[in-house]
Amino acid sequence: MLMPEPDQQVIDRRDQICRTLRSIVPADCVIDSTESMRAFDADGLSAYRQLPLAVVLPETVAQIAAVMKWCHQNEIKIVPRGAGTSLSGGALPLADAVLLGLGKFNRILEIDYDNRCVVAQPGVTNLAITHAVQADGFYYAPDPSSQIACSVGGNVAENSGGVHCLKYGLTTNNLLGIEIVTMEGEILRFGGKHLDAGDYDLMGIMTGSEGLLGVVSEVTLRVLQKPATARALLVGFDDTGAAGTAVGDVIAAGIIPAGMEMMDGLAINAAEDFVNAGYPREAAALLIIELDGPAVEVDALIERVEGIVRKAGATSVRVSQSEEERNLFWAGRKSAFPAVGRISPDYLCMDGTIPRRRLPDMMRRMASLSQQYGLRVANVFHAGDGNLHPLILFDANVAGELERAEDFGADILRSCVEMGGVLTGEHGVGVEKRDLMTIQFTEDDLKQQQRLKCAFDPGHLLNPGKVFPHLHRCAELGRLHVHKGKLPHPDLPRF
Amino acid sequence: MADLIATTLAEVKEAVDTTLAANRTLEVRSAGTKRHLGRRLSADSVLDVSGLSGIIDYQPEELVMTLRAGTSMGDVEAALADARQMLAFEPPSMTRVTGEASRGVRGTIGGVVAANLSGPRRLTAGAARDYMLGFEAVSGRGELFKSGGQVMKNVTGYDLSKLICGSYGTLAVMDQITLKTLPAPETSQSLLVACPDFAAAVRVIAEIFATPHEPGAAAILPQVIAGEEGVDTGGAFTAIIRLEGIAASVSDRITNLQAMAGGDILPMEKSVTLWQQIRDVQPLAKKPLDLWKVSCAPGDAPKIVDALDPNMDVRMIADWAGGLLWFAASRSDALGRRLRETVASLESGFAMLVLDVAATREKIPPFQPLKGPMFALHRRVKSAFDPRGVLNVGRMHDGI
């Protein structure tokens, strides 16, 4: 992965930069020893590591603004970091950039039941939001698998999803307001506790912008009443195609489950070895279908869904009879990644989305790619919304296997786009999928996105080298070439 | 000046290129039913995009519809009804308020998206912007670009779909758009609760939303209007709470809520009609009046209502549990100024002039004015898509 050439002049000024930063924030908020900075040299995409120029951990929004303003004036790059759980390298440091950590912003500022929202600092973990309101029956819906550790500021930057987004949406659908600090050190608020943006939806554009447009310094999140009950079905199929059909049939029947997950044979067995959830080992595909809501409704819908999956050719069906059993159904799915980690020294986790009806095609394509590359692949899907998580198994100690696994992964993502899907459903582009962006987007598509970047950060100082494969100077992007008087369609009406 | 007509994306590009070359400006128009929104335009030409029309691909079991922006809402609703699905954000139609409906005029999906219009279910299901999965458009630079995709879960690149929703045609001319659809609820019913005052109505709704009985929409009508709509409960205000879902679930939940909050149950047929009236702001359209909407934190709604001048002749209704307030008055610049002052003091929300009958928008800007750095950022965003100000320039704010 080629990152932008570090600016040696900035690196040479490192001591002086750290001295100045210590005058902007309390001295102990600047970390510059190699040993201490090691803890920050990677995020969840741990194949890539880089020590930053320095780590700054501000304590107040005013300090964030002051650091950014000074960096802007002195043309020093900034890489924002929440909890560092990104799976795509969004918080990968740069040698000539200050790593701005939001870890100290860990307070919930307000719980407002009248408006059914929580105002929090960006470093609060996703799960802590639910913990703060669950005694009163509320919860925060987006539930990325890293929710125990990932921060809500990072959730905004990555537009994080989870297993329940089919029914409850991603971060962008559960966010009411944000405060951001721009690269120039300006503090701006988008949204609030009201529902709609009255002007351009800048909160919408900030969500999922991967730290390239601004630093999130406060969030206002919508919280919901926890559904009265939840029950799940565990359904085995001897054919992944039939499982895919069943997923479509459930939705065609007008039912939107809270979650609809699929695992393939390899994933089923790895999970079963690990947690003993009672999964059908002989099944080629397993569906976990969860319904939540009022008890009467859930009971009625469970029955309908059971009928649908049996008709679609299910070879085994179990319905959870207790909360304990429901959790057991999920235990295997939730431990699928570590379970696969036990059967292979290393694995790459991919994250594409396809139109759901292409699932059988995709399974066939993956099987043939698996043969071609000589690497095994285990599959877990958010089947309801077509989001795939193929896990490519490899051994980094075998020369060339990492590269082969990466090529395999790139081919899977290429296939996703070919089948009408996209490169990433929830993990983000970051550095991981940066160079694949041209598969999904034309040069003009990408230039238009970068022009938006220029409206926020014309100097490309904020998180450069992420998301976009080619960096264009803003002046060049802004140029507009008009062919004067050239009118190739003379039949069109003219003024 | 002659209109430009585009029926393909290439023709849109051609029209924008030509306009750029001639240093002129365009008003992008399809059915033209949203021209009452925003500032009056004085563009050199109209670009008629009503021909960019038709549903391209609709796969109900994928919950995805791809269609062209000029597709009439009538056609969209018919296709959805065939598959027993819906646009969950419940797009309102303002043509009944403007009187265009009586001439058979319907708006287009492009207009709904461009103005990010959502109805009562917005409170729990999200806005138009939450259902916009992707689009193709021509920017004010005359460049064809796309964003998003045709799948539900996608974080590849900036989410320009959010930005294009509610941009009133000031950034790009949309052609193909992809929306997420959802199954329509099998049944619905409403609970009508009599309340002694407006604040009590907001409070009872908040209490109902703190239960697991899944209310889906909540509106408040003053007694006079409740009477006109045939749902007078005897209270000075009536809180109306809608529940949707399968029959067994709806009747179970509404019984529970009734036990808690009292009130009367409105059966499905009457409930559907009432919510259509509320969605389309019909109760305020009995005679031609200026129309304002305020988007606010639901809990702040009583403060906004209390701050109104009691001598002013204003009709109002509330939706979104109090988070959307509609006000109608004959000469509304004073009303608008008062709403703006109150909203500004609350630091969350905005007041927008939606319809004027007496050239009110020449006296007071229809969009809540943007300040300092926010205005500058909006200008830069506009510039990123439309540097010369070719498309609907000035529709939202000066130069935007």
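**Close-up views of a predicted two-chain model**

**View 1. The domains of chain B.** Chain B is divided into three parts: domain 1 (1-184 + 369-400), domain 2 (187-279) and domain 3 (282-362). The structure shown here, as in every view below, is a predicted model. Between domain 1 of chain B and domain 3 of chain B, the C-alpha centres are 25 Å apart. Ten residues from domain 1 of chain B and ten residues from domain 3 of chain B make up the contact. On the domain 1 side of this contact, helix H3 (95-98) and helix H5 (122-125) of chain B are the elements that give two or more residues. H3(B) supplies the largest share of that side, three residues. By class, the residues of the domain 1 side are four nonpolar, two polar and four charged.

**View 2. The contact between chain A and chain B.** In this contact, 88 residues of chain B meet 85 residues of chain A. Helix H14 (residues 372-385) of chain B contributes the most to the side of chain B that touches chain A, namely eight residues. That side of chain B comprises 41 nonpolar, 25 polar and 22 charged residues.

**View 3. Helix H12 of chain A and its surroundings.** Helix H12 (residues 323-334) of chain A contains twelve residues, and the distance from its first C-alpha to its last is 16 Å, close to the 16 Å expected at 1.5 Å a residue. Its buried residues are Arg326(A), Phe329(A), Trp330(A), Gly332(A) and Arg333(A). These lie on the same side of H12(A), because they cover an arc of only 155 degrees around the axis. An α-helix has 3.6 residues a turn, so residues three or four places apart point the same way. Glu323(A) and Glu324(A), on the other side of H12(A), are exposed. The buried residues of H12(A) pack against several elements of chain A, among them strand E12 (229-237), helix H10 (265-275) and helix H13 (336-343).

**View 4. Two arginines with a positive phi.** Arg116(A) is not a glycine, yet it has a positive phi of about 50 degrees. Arg116(A) sits in the loop between strand E5 (108-112) and strand E6 (117-120) of chain A. It counts as buried because 24 other C-beta atoms lie within 10 Å, and the cut-off for a buried residue is 20 or more. Arg84(B) likewise is not a glycine and has a positive phi of about 50 degrees. Arg84(B) belongs to the loop between helix H2 (73-82) and strand E6 (85-86) of chain B. With 14 C-beta neighbours inside 10 Å, Arg84(B) is partly exposed.

Conventions:
Residues numbered from 1 in each chain as written. Chains lettered and ligands numbered in written order. Predicted model: local features only at pLDDT ≥ 70, side-chain atom pairs only at ≥ 80, totals over all residues. Contact = placed C-beta atoms within 7 Å. Helix = DSSP H or I, 4+ residues; strand = E, 2+ residues; numbered from the N terminus. Nonpolar A, V, L, I, M, F, W, Y, C, P; charged D, E, K, R; others polar. Domains from an automatic or database assignment. Buried ≥ 20, exposed ≤ 12 C-beta atoms within 10 Å, placed from the backbone. Expected span 1.5 Å × (residues − 1). Arc of directions from axis to C-beta.
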